[in-house]
Amino acid sequence: MSAPTTTRTFQLVSRRAPGRAALTLEQLARESALHPDMIRRFVALGLIAPGGGTAAAPLFAAQDAALLARAARLRRDLGLNYAGAVLACELLARIEHLERRLRDGSPAQRRHEVIRWTRTG
C-alpha cells in the first residue's frame, strides 16, 4: 500500500523572466555563499528551479541567491533539515504575498480578506 500523496497549492519556484539576469550554478553558489551540491539539493527539493540553460549548465534567476541564503540561514540558525527549510521558505513567501495583498488592496477588500482569513467552518 503506498502512502498518500499531497499537492502543494503554492509554488515558490522562481522562473527567469525575459531580460533578467541569469546566473550559472557557480555564480549562484558564490552569490548565496553555498556549495553547489547544497544548491543541487535545494533544486531537487523544489525550492528553486533553473530558468534556462541546459541540464549540464543550468541558469538560475538572480533572486534565487537570496532565497537560497534564507534557506541556509534557517537550516543553520533553527537546526531545520533541508525539507523543513524549504517548507519554512514557502510559508514565509506565502505570508509575504498575503501581507502585500492586504497592504495594496482597498479598505473594503482588506476587511473582506481579514474576515475570510479568520472565519472558521
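1. Helices H3 and H4 cross in the right-handed sense; the model is a predicted one. Helix H3 comprises residues 64–78 and helix H4 residues 82–104, and the two pack with their axes 9 Å apart at an angle of about 120°. Since angles over 145 degrees count as roughly antiparallel and 65 to 115 as roughly perpendicular, H3 and H4 are therefore classed as oblique to each other.

2. On the H3 side, the contact is made by Leu67, Arg70, Ala71, Leu74 and Arg75. H4 contributes Tyr82, Ala85, Ala88, Cys89, Leu92, Ala93 and Glu96. Sorted by class, the residues in this contact of H3 with H4 are nine nonpolar and three charged, with no polar ones.

3. The model also contains an open sheet of three strands, in the order S1-S3-S2, with antiparallel pairing. Strand S1 (22–24) and strand S2 (52–53) are the edge strands, each pairing on one side only.

4. How many bridges join S1 and S3? These strands pair in the antiparallel sense over three bridges. Within this part of the sheet, Ala22 stands opposite Ala61 in S3.

5. The pairing of S2 with strand S3 (residues 58–61) is likewise antiparallel, over two bridges. Gly52 has Leu59 of S3 as its bridge partner, and Gly53 has Pro58 of S3. S2 and S3 form a hairpin, with four residues between the two strands.

Key. Residues are numbered from 1 along each chain as its sequence is written. This is a predicted model: local features need pLDDT of at least 70, side-chain atom pairs count only at pLDDT 80 or more; totals for chains, interfaces and linings use all residues. Side-chain values use heavy atoms; hydrogens and water are left out. Axes are lines fitted to C-alpha atoms, for helices over the stretch in contact, and angles run from 0 to 180 degrees between N-to-C directions. Angles under 35 degrees count as roughly parallel, over 145 as roughly antiparallel, 65 to 115 as roughly perpendicular and the rest as oblique. A crossing is left-handed if the near helix is turned anticlockwise from the far one by less than a right angle, and right-handed if clockwise. Contact means heavy atoms within 4.5 Å. Ala, Val, Leu, Ile, Met, Phe, Trp, Tyr, Cys and Pro count as nonpolar, Asp, Glu, Lys and Arg as charged, and the others, Gly among them, as polar. Two strands pair if DSSP finds at least two bridges between them.
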